[in-house]
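Dear colleague,

I am passing on the structure that we spoke of, and I would be glad if you could look it over with the notes below beside you.

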Amino acid sequence: MVDTGGAVLPGVTVEARSDALPSPRVTATEGDGQYRLPALQPGTYTLTFVLSGMQTVTRQAQVQLGQDTAVDATLGVAGVTETVTVTAVSSLIDRQTSTIKSGVSNEQIMALPVGQEYRDLVKLIPGVQFTQDAVRGPSAGGSGQDNLYQFDGVNVTLPLFGTLSAEPASHDIAQVTTTKGGARAVDFDRSGGFAIDSVSKSGTARYAGEVSFQLQNNNMASDVKSGSPSRYEQDRTWTTANLGGPILRDRLFFYGSYYRPERKRDNRANLYGDLPQYRSSRDEGFGKLTFTPINSVLLNVSYRHSKRLDKSDLFEANAAATTGTGNESTQKIGIAEGSWVINSRSFATFKYTDFTLKTQGRPDNIADVTITTAVGTRLDIANLDRIGRLTVPVPVAGATAFNAFVQPLIDRYGYVLNGNRVGGGRVGYGVQFDDNDFFRNAGQIGYNFSFGTSVRHELHAGYQRYTDEEDLTRTSNGWGAITVPGGRLATNPGAFYTATFQQQTTGAVPNIHSEYESQSFEFNDTIRWNNWSFNLGVLASNDTLFGQGLREDSSTLSGYVSAPGTKYKMYEVPFSKMIQPRVGATWAYNGNDTLFVGYARYFPAASSLPRAASWDRNLAATIDAHFDANGLLISTAPVASSSGKLFVDDMTPRTVDEFLVGTSRQFNQQWSARLYGRYREGGHFWEDTNNTARVAFNPPAGIPRDPYIADLTARLGQIGSGSTYVIAELDGAYTKYQEITLESEWRGARSFIRGSYTWSHYYGNFDQDNSTTDNDANIFIGSSFIADGAGRQLWNFRDGDLRGDRPHVVKV
C-alpha cells in the first residue's frame, strides 16, 4: 500500500466484504505497507482501503480456493473516493511459490460445458491427459491410482485403492483448484500424481435458488465406431434444485441442494432373447451452514447423503435374462471446519471429516434356498435355474454316457440356434453378493504465524491423523455357480453336479476388516526478501497397516500366532523413513515476472495391502460341493486361492522425487503465461512376489540371488498357514516422467480463454495402470500380476513406455 508518491502507508484499514462471508474481515497495513487477509471463504470480495486524510479506495477481488490473490492500491489525498471495478484474480503468476496450481472459478464452471459430475471437472486440469477410463484416474506423473481427490477438503479418494469414489454433482461446486507439482509442506499433500480440491457453494446474504431439468436421449449421440455402445445409447435426465440465504443476518447462512440423475437403456437381446431394461437412479441431498459468531472466526459445517441403485446392468451374450446383476451404494460425507484470525500476524485452523461409502453388488433375482454341507444334503436338480446360476453343459464328441446325461439339461435350459437347443449358455440367477464398505475418519489442525519486515517469514505448522477402513463380506446367491461335470472329473468321477459357493461358518457371514492408519506433521516457512521468495518445508509421515487373522506374539519365530477374526499390526513405516522435503525459490526479476525452481519428495499413501496381505483374506473360503447323479452331496473341497503374506523387514516406502524449473510472465493486465519443465522419478515399489523369485527366475546381474525372507518356511510352519509369496520391495523397480508444459490465459471483461500444451514421456518397468487383464477397475496396489511367477518379473521385458504415457496433450 503506497501513496501517489510511492511512499508506503502503514495503518491503512482494509475491509473485505463478500456475499459468501456473513460478516466482514478487517485488518490494517503494517510498517512496510503490506497486509494479509487469511482464511477467507472463496468468492468475490469488495476491499475498501481507508486512512484518515487520504481518499477511500475500493477494489474488487476474486479469492480462489488454495491460492493467494494480490490486491494493490494507491491512496491520494482526501477529496475524491476512487472505485475501481476491475477485479483482481489469481493468475498464472505466483511471486511467492514455485507450486504449479490451476484454478477454475464459479463463473467458468457455470459457463463451460463441464458435465454434471465431479469427475468431469478433472478434464479441465491443464496438461493432464483425458482418460476414457471410467474408474481409474488420468496419469499425471504417476499412475491413475496416485491422485488425491478432495471435495470441500474431504479426502474422497477410495480408501486402499486410490481412485475417485465420490460422485457429487458439479452444480454444487463453486471452485476447483489443482496442484500438479511443486507442492509445499501445506495441506499434507503426498500425492504421486495431482491433487484436486473443490469448495462447495454456500449461502449468501440474499435468498437465491435454482431449479433445473436436463435430458439427453440416445438419439443425441452419434453412432459408436469402436468400444461399447451401451455407454452412450442411454436416455438420461438430471433434476437439480438448490436454495440458500441468511438465517441470522451477518452471522449465519445456509445452503441446501437436491440432485437426482436417472438413466435407462434398452439392453440388446442376446442368445436367450430379450433382456430387461437397465435402470439407474440416484438421490443426493446436501446441506451446509456458514457461521461467523465473531468477525474473526469462520465456521463451515456440511453433510452430504447419496443413495444410488443400478439394476440389470451386466449381461453376458449367452446368459438368460434372469442372470442380471446390479449395484446399490450409499455415500455420506460430513465436514466441520473453522478458522480463527488471532491477529494480523497469525491464524489457526481445524478440520474434521467423515467419509462413508457402503456398496453392494447383488443379483437382480434372489435364490430362495439354504446352503448346507451336512450329510444327506441334496441339490434340487429339478430346478437348477432357481437355486443358483447353471452353466449349461456342451456335448463332448465320443462321450456317449456323458452326452446322454446332459441332453435333458440342454433341452430344458439351452438357447435356440438354427432351430435346435444347444449348450454353453447360462441360466438362473447372479452368483454372488459383494458387500464392500469403506470408511475414512480424519482430523487436522494448523497454525500460521508471520513476522519480519525487510525479511518476512510466514510460518506454518500442522498435524493430521486419519484412519482408512474397509469391510468386505461376500456371500453366494443360493448354491452360487453350478456346473455339470457328468462323471468326467478325473479327481472325482462320481461327481455329476458341482456347486461353487462362498463358505459360511455355522451360519455366520465372515467379514474381512482392513485398516490403514496415518499421521503427519508438517512445517513450512515462506521467506520473502526483496524480489525473492524461498520456501523451506518438510512433511513427516507415519503409516501403520492392520490386517486380520493373526495375533502379535513376540515370543514366536514370526512374531504372530494364528487367530482368525483378530486385528493385527502387519507393518509400520516410521517417521524416519518418510521425511518429505519441500523446497523452492522464486525470483520476481522485474517485480512481476518470475523464474522459479523447486524440489519435492512424496510418499504416496494409497495401499491395498491391509486386505491383499491379510491372513483372513480367505476367511470366507470358496467351496466346491460335488453331487452324484441324483443330486446327493458326496464331497466338498476348498478352492485354492491367495492367502496371508508376511512382509520383508525394513523396507523403504514407495518414493516419488520431483524436480521443477520454470518461468512466468504477465504480458499485460489480461494476458499471462508460464512455461515449466518437470521431472518425476518413482522407486521402491512394494509388490507381492514369490519368496524365491530372485533365485528361481534368473534375475540379471546386480540383483541378489537370495530369498526375500530366508526362513519363510519355518515362519509359516510356526503360524500353521500362509503364502509362499511375500510383500517385498522389488529390485530395480522404477518409473520416470518428463514434462514440458506451456500454459497461457487471457481474461477480459466478459470473456476468458486458457490454453495449454504438454509434451511428456512416462516410462519405466513398473506399470500400475497395466497390472492385470481388465485395468479400468479398483486394482490392488501392491498385489497384482506384476512379479507373479516366471515371465512376470520386472526383468522379463517390462521396460518401456507405460500405459499412461500421452506424449502430446493440448487443451483449450
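Predicted model: local features only at pLDDT ≥ 70, side-chain atom pairs only at ≥ 80, totals over all residues.

Residues are numbered from 1 along each chain as its sequence is written, and side-chain values use heavy atoms, with hydrogens and water left out.

The structure holds 25 aromatic pairs (rings of Phe, Tyr and Trp, the last by its six-membered ring, with centres within 6.5 Å; planes under 30 degrees apart are stacked, over 60 edge-to-face, the rest tilted). One of them is the edge-to-face pair of Phe405 and Phe496, with 5.0 Å from centre to centre and 65° between the planes. Phe405 belongs to helix H3 (residues 400-413) and Phe496 to the loop between strands E26 (481-483) and E27 (497-502), so this pair ties together parts that are 91 residues apart in sequence (helices, H or I, of at least four residues and strands, E, of at least two are DSSP runs, numbered from the N terminus). Phe405 is partly exposed at 22% relative accessibility (buried is under 20% relative accessible area, exposed over 50%, partly exposed in between, with a 1.4 Å probe and protein chains only).

Trp479 and Phe627 also form an edge-to-face pair, their ring centres being 5.5 Å apart and their planes at 90°. Trp479, in the loop between strand E25 (455-476) and E26, is 148 residues from Phe627 in strand E33 (residues 622-627). Trp479 is buried at 2%, and Phe627 is buried at 0%.

On the surface, a nonpolar patch with about 1100 Å² of accessible area together includes Phe667, Trp671 and Ile753 (patch residues have over 30% relative accessible area and no salt bridge, and nonpolar side chains are joined within 5 Å). Strands E37 (671-683), E40 (734-747) and E41 (752-764) each give two or more residues to the patch. Ile753, in strand E41, is partly exposed at 47%.

Finally, strand E2 (residues 13-17) has a covered face of Val14 and Ala16 and an uncovered one of Thr13, Glu15 and Arg17. E2 runs antiparallel to strand E4 (residues 43-50), joined by five bridges, and Val14 stands opposite Phe49 there. E2 also pairs with strand E3 (residues 25-28) in the antiparallel sense over four bridges (pairing needs at least two DSSP bridges), with Ala16 opposite Arg25.

Technical notes:
Patch = residues over 30% accessible without salt bridge, like charges linked within 9 Å, V, L, I, M, F, W, Y side chains within 5 Å. Areas by Shrake-Rupley, 256 points an atom, 1.4 Å probe, with all protein chains shown as cover. Salt bridge = Lys/Arg side-chain N within 4 Å of Asp/Glu carboxyl O.
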